[in-house]
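Good morning, and thank you for coming.

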Amino acid sequence: MRKLLFLIAVIICICSCKRPENSTTLKVWYDKPASSEIADVKEGWRNDAEWLKALPVGNGFAGAMVFGDVNKERIQLNEKTLWSGSPSDNDNPEAYKSLGKIRELLFEGKYREATDLTNKTQVCKGAGSGNGNGAEVPFGCYQTLGDLWLDFGKAAGYDNYRRELDLDNGIVNVSYIQDGIKYNREVFASYPDRALIIRFSADKKGKLSFTGTINRPERFETVSENDHLLMKGVMSNGKGGDGMKYAVRLKAVATGGNVEYTGSSFKIQDADEAYLILTASTNYKQEYPDYTGPDPLKTSMDQLNSALSHPYQDLLKRHTDDYKAVFGKVSLKLTENYTDTIPTDVRLRNQKTNPDDLHLQQLYFQYGRYLLISSSREGSLPANLQGMWANKIQTPWNCDYHTDINVQMNYWPADVTNLAECHPPLTSLIESLVKPGKKTTAIQYKAEGWVVHPITNVWGFTAPGEHPSWGLHVGAGGWLCQHLWDHYTFTMDKEYLKRVYPVMLESARFYLKWLVVDPKTGELVSGPASSPENSFKAPDGSVAQISMGPSHDQEVIHELFTNVLSASKVLQDNSTILPDIDSALKKLALPKIGSDGRLMEWREEFPETEPTHRHVSHLYMLHPGNQIDPDKTPELAAAVRKSLEARTDIGTGWSLAWKVNFWARLKDGNRAYQLLKNVLRPVENMGINMSDAGGTYQNLFCAHPPYQIDGNFGATAGIAEMLLQSHVTEGDDFVIQILPALPDAWPAGEVKGLRARGGFEVSIKWEDKKNVSCTINSLAGRDLKVSYKGKIFTSSTEPGESFELDGEMAPITNRRHQ
């Protein structure tokens, strides 16, 4: 009897200690559907409120937004390569003729005349981006693939509704009870099978009946073909003709009941359960100069047949095994409260009364990682301005690749949050710009090397934009190259460095030809150039954007030259250009501290026309660069702090996210935390605000507004930056800094699996706002230096060696992985 009572007690204890079913912390969930009945507005730059309630899935190639509506489901579709437009000649041979005169005018302080001449000459040829409305010009526009519509033929009410995105498994689940029957849907985008899978089930047999079709706003034809649906079409090439071809195929598989295809639709009748497989492809290939690849009709058919060769449970397992192997490498715990009984949209609103919702913050961190996995996998294009989720024909800013911060910010979390698998698309994009960028350099500037300006697309656009105020940003190539070197420092993969080093070297070659001597100082400066998208009041009374030696350019070029020289030593390269790079580096002008104590944005103390401007590009060398550190360069760090104070804590979504990282680098965890809370501010603005309305929409997409995904990624990286930093070097080694910007609001927690430069994996546990222990795994065998509040641990390491350190940085264990 005693044994039985003991066993019962054990069972009760186990059950009481077990997390409740809803307790998995990593679910974005809602108790209401997004309505499929409300039509999208036609205005391209205006968001749709219901779409921003839908939940995203993606495999890097194809994606979908799941509305989860009960009686009529809408699943909005995307294929990452689907663009209008076509390759075009945008390089302006007339630009070089005026370059010398513009520089002369700027050095003489004649900003009005210099601006007039720059506006006339230092632009692309042709329509450029179409002022961000390029759907019908050669630049093109990333567009919606269309919609999958599912009509269940009912109008009845429903109960017990739940719609969730399970971040642990990468699946959207929808469940509800209608007419006494419990229905379930599962939606996921499989990377191994390059397919979107949607499963339907009910707790009573023969109760699944619905019809479905695929369409898009324009340029499509949907037909039944060999027991599946085919939607196909041709995009506009922006020149009055046909451009990219695409194809979408949908196959329905049912257990019990019947499946019929008629015209442009299918019908499932009286099934026990069913699932749909959707594949999509275009004839795009990321290869200069024509960018044309295989026939999408064949590619989509091959993908469909491949997916059909696996039963549903195998498709599910293949997806979850692949996804969890990437996502599961990092965990973050900021709160012990596992129970999640509050819908995510309510959590957002409740921050007014619960301003420190730690569950929401850790969920947001992992959601950012989910979005990057879903929108960027090897072989795909990189994540664009909206990741890959877009429901319009004309998307904001063409949903392109902005290279004056946005595409770079997309990849800030890739290495530090252990998502190296997501980085290859960015590397491939940068490599793809070298050939067209060399052509631009030769024609536009009579120079060598390669260049790209603030925007690019899938067609290799590397020319300046159509207006110099924003389009004459020549620092973009160097900034992109920062990611190539930084990825190497995280991985210490010498083969990767061999691959990307020529790209870095050729970018440096351009800047060597671009830089000119400032006649007043004898230093080398970049120009004519803008400080991204910002304006100043010139001494001659004009409002200008163009100057010589803006701080951002100088910082980027300094970093590129430094990284190229470092890479040359690693690879033992002795290219004849290296001494010139070293010489130019020593002569390069760097930013100065102004009379007001701020870091100067331009070479002279020009007053800004918009003091709280969203871009903070002159602080590049604090973040993502590494030239400023509170301990090593305290005067510059103080100047940066004053600059940030002047910019204030308002901004667009991505600007707020950048400021999280800035304050983390300044070791001010509480200020970084305040900016993080600003990022998480609930937003309902569906229009455009370029200054102070940043925040978060109901589905946790970042609000610029309009929706722009870079803020999600920037804030995710910022959270990691608050917990771990490794950008500071001593000699050739990186210093791993533990909890460098821990806010008071996170008194206890644990993070596992973050990556540090030098090839290390780091896990940290803290209590009472103090580090308790950290574990460092050496993946590359580099010398290790770990720092926490003045306490230092150093050791040589071997690949596979692991160190567990206590709060005093004393070793607890040291072991080799078997």
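I shall discuss a sheet, then a pocket, then the cavities, and finally one proline. Please bear in mind that this is a predicted model.

Let us begin with the sheet. Strands of a sheet pair through backbone hydrogen bonds, either parallel or antiparallel. Here, seven strands form an open sheet in the order β2-β3-β4-β5-β10-β15-β14, and their pairing is antiparallel. Which strands stand at the edges? They are β2, residues 55–58, and β14, residues 258–262; each has a single partner strand, so one side of each is left without a neighbour in the sheet. From one strand to the next, the twist averages 20°. Within this sheet, β10 (residues 208–215) and β15 (residues 265–271) are joined by five bridges in the antiparallel sense.

I turn now to the largest pocket, which holds about 770 Å³ of space. Its lining consists of 31 residues, and W485, T562, S566, N626 and T729 lie nearest the centre. Which helix gives the most to this lining? The answer is α15, with eight residues. By class, the lining has 13 polar, nine nonpolar and nine charged residues.

Next, the cavities. The whole structure contains six cavities of 30 Å³ or more. The largest cavity has a volume of about 230 Å³. Of the 22 residues that line the largest cavity, W412, D486, F490, E721 and R757 lie nearest its centre. Several elements give two or more residues to that lining, among them α9 (412–416), α18 (653–665) and α20 (710–723). The most comes from α13, with five residues. Helix α13, residues 476–491, also supplies at least two residues of the lining of the largest pocket.

The second largest cavity has a volume of about 80 Å³. It is lined by 14 residues, with G58, N59, A189, H319 and Y323 nearest its centre. The edge strand β2 supplies at least two residues of this lining, as do β8, α5 and α7.

Finally, consider P382, in the loop between α7 (358–375) and β18 (401–402). Is P382 buried or exposed? Its relative accessibility is 0%, so P382 counts as buried. Beyond its neighbours within four places in sequence, P382 is in contact with residues including K80, Y401, Y411 and L429. P382 and Y401 are 19 residues apart along the chain, and their C-alpha atoms are separated by 8.7 Å.

Definitions and conventions
Residues are numbered from 1 along each chain as its sequence is written. This is a predicted model: local features need pLDDT of at least 70, side-chain atom pairs count only at pLDDT 80 or more; totals for chains, interfaces and linings use all residues. Side-chain values use heavy atoms; hydrogens and water are left out. On a 1 Å grid over the protein atoms alone, a cavity is a set of points where a 1.4 Å probe fits but cannot get out, and a pocket is an open set with protein on both sides within 12 Å along at least five of seven lines; lining residues have an atom within 4 Å of a point. Grid points are joined across faces, edges and corners, and a volume is the space filled by probe spheres set on the points. Helices (H or I, at least four residues) and strands (E, at least two) are DSSP runs, numbered from the N terminus. Ala, Val, Leu, Ile, Met, Phe, Trp, Tyr, Cys and Pro count as nonpolar, Asp, Glu, Lys and Arg as charged, and the others, Gly among them, as polar. Buried means under 20% relative accessible area, exposed over 50%, partly exposed in between (1.4 Å probe, protein chains only). Contact means heavy atoms within 4.5 Å. Two strands pair if DSSP finds at least two bridges between them. Axes are lines fitted to C-alpha atoms, for helices over the stretch in contact, and angles run from 0 to 180 degrees between N-to-C directions.
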